[in-house]
Amino acid sequence: MHAPAGQLDQEGTTMWSRRRDRAEDAVRADAVQAASALTVHLQGGGNLVPVQADGLALAAGEVAFADVACSAARFYGTEVDYPTSASGYFEDHPTFGRRWVSNGRLDARRRQEAEDAALPQWRDHTAARVVLTSTGVRLLPLRAREWMPFDHALLTGVAAEPSAVVLSYSTCAPLLLSGPAAPWLGVAIEHLRHGAA
């Protein structure tokens, strides 16, 4: 006897989901292992190895150590953009005729949504090319033409997470880099910030 088609689809989706989860876990484990190996290498007196970064003009004496793909985002708030029109509807009242009836509850909800959307949060999520240099992180967002510089001299904090690193700067919004290369980048940035001095 054959299983119903819907059941096969659900089982197939579940199997695919499990395979995807296992693949993500393997990539995450490889990323953590690469970061750990770099930590051991640097603590043992090793150095970061220079790499070629095509398409990025480096300053005199600036050396590239990584050229990777990451997901990037910035953490900041915006000004509140309140709705410009009041919500409501026209009603044909038997005594008063056609009139506008405002909807205060909907207006309040729309104002609250606008305020929530303006709160500080991770924004500008994009895939990006990231080049780590001796001077800083150079970020080229997908479809952008200009590199965004984030200099180590302005770095105030590095917070590593299992598959991401958050870089805080004194002059701009924090930068989130995530993906398989992020743990390695976190170790390398900390080394350049403190250990290489």
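Author: The answers below treat the nonpolar cores and the sheet of this predicted model.

Reader: What makes the group around Val137, Leu167, Leu175 and Leu177 a nonpolar core?

Author: A nonpolar core requires buried residues of the listed kinds, joined through side-chain atoms within 4.5 Å, and buried means under 20% relative accessible area. The largest set of this kind has 26 residues, and Val137, Leu167, Leu175 and Leu177 have the most contacts inside it. At least two residues come from each of helix H1 (5–43), strands E1, E4, E5, E7, E8 and E9, and helix H3 (182–195). The largest share, five residues, is supplied by H3.

Reader: Which residues are in contact with Val137, leaving aside its neighbours within four places in sequence?

Author: Contact calls for heavy atoms within 4.5 Å. Among the partners of Val137 are Leu132, Phe150, Leu167, Tyr169, Leu175, Leu177 and Ile189.

Reader: Why are E6 and E7 said to stand at the edges?

Author: The open sheet has seven strands in the order E6-E5-E4-E1-E9-E8-E7, with antiparallel pairing. E6 (148–151) and E7 each have a single partner strand, so one side of each lacks a neighbour in the sheet. From one strand to the next, the twist averages 30°.

Methods. Residues are numbered from 1 along each chain as its sequence is written. This is a predicted model: local features need pLDDT of at least 70, side-chain atom pairs count only at pLDDT 80 or more; totals for chains, interfaces and linings use all residues. Side-chain values use heavy atoms; hydrogens and water are left out. Buried means under 20% relative accessible area, exposed over 50%, partly exposed in between (1.4 Å probe, protein chains only). Helices (H or I, at least four residues) and strands (E, at least two) are DSSP runs, numbered from the N terminus. Two strands pair if DSSP finds at least two bridges between them. Axes are lines fitted to C-alpha atoms, for helices over the stretch in contact, and angles run from 0 to 180 degrees between N-to-C directions.
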